[in-house]
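I opened the notebook today to follow a couple of residues and the core around them. Here is what I looked up, in order.

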Amino acid sequence: QVQLVESGGGLVQPGGSLRLSCAASRSIFSIYAMGWYRQAPGKQRELVAVLTSGSSTNYADSVKGRFIISKDNAKNTVYLQMNSLKPEDTAVYYCNAEVSAGPNFMNYWGKGTLVTVSS
C-alpha cells in the first residue's frame, strides 16, 4: 500500500505559476507510474501528466509546454510545476500511484488539492 498527500494548491491569477507536491508514505523508486489527474466541477477526472519508473512522461495536450512532472526519489515526492495557468486549469488535482501487484496493478489516490485560477 501507499498513502499519498498532495499540497501546494491555492488561488493564482491567470498567467501565474504553482507547484504541487505529492508526498508518498513509502519509496516511490520502484512504483510503476506516478501521475497527476484533475477534476473540474461537473466534469470527469482526467489525466494531466504521468511519470513512469523509467522516467518516461506523458502529458495531456491541454497542458503540454506549460506543466512539468518530476520526482525526487530521496524525498518520496512527485511534483507538478504548473506555469502560464489558465482559468480552465481550475480543478481539484489528485496524485495517483500505479503499483505493480503480480500480474495486475493497484491504483492509489490522494485526497486532492484545489487549484483556482482567477483574477
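I take strands as DSSP runs of E with at least two residues, numbered from the N terminus. My model is a predicted one, where local features need pLDDT of at least 70, side-chain atom pairs count only at pLDDT 80 or more, and totals for chains, interfaces and linings use all residues. I number residues from 1 along each chain as its sequence is written, and side-chain values use heavy atoms, with hydrogens and water left out.

**Entry: T113.** I found T113 in strand β11, residues 113-117. I saw its side chain reach the backbone nitrogen of G9 at 3.2 Å. Beyond four places in sequence, T113 touches E6, S7, G8, G9, L20, A91, V92 and Y93; contact here is heavy atoms within 4.5 Å.

**Entry: A49.** Next I went to strand β5 (residues 46-52), where A49 sits. A49 is buried, with a relative accessible area of 0%. Among its contacts beyond four places in sequence are M34, W36 and L80. I also noted V63, 14 residues from A49 along the chain, with 8.4 Å between the C-alpha atoms.

**Entry: the core.** Which residues touch the most other members of the largest nonpolar core? I listed L4, M34, W36, L80, M82 and Y93, out of 31 residues. Such a core is a set of buried Ala, Val, Leu, Ile, Met, Phe, Trp, Tyr and Cys residues joined through side-chain atoms within 4.5 Å. β5 and β11 are among the elements giving it two or more residues, while β9 gives the most, with five.

Terms used
Helices (H or I, at least four residues) and strands (E, at least two) are DSSP runs, numbered from the N terminus. A polar contact is a pair of N or O atoms within 3.5 Å; within protein, one must be able to donate a hydrogen and the other to accept it, and residues adjacent in sequence count only if both atoms are side-chain atoms. Buried means under 20% relative accessible area, exposed over 50%, partly exposed in between (1.4 Å probe, protein chains only).
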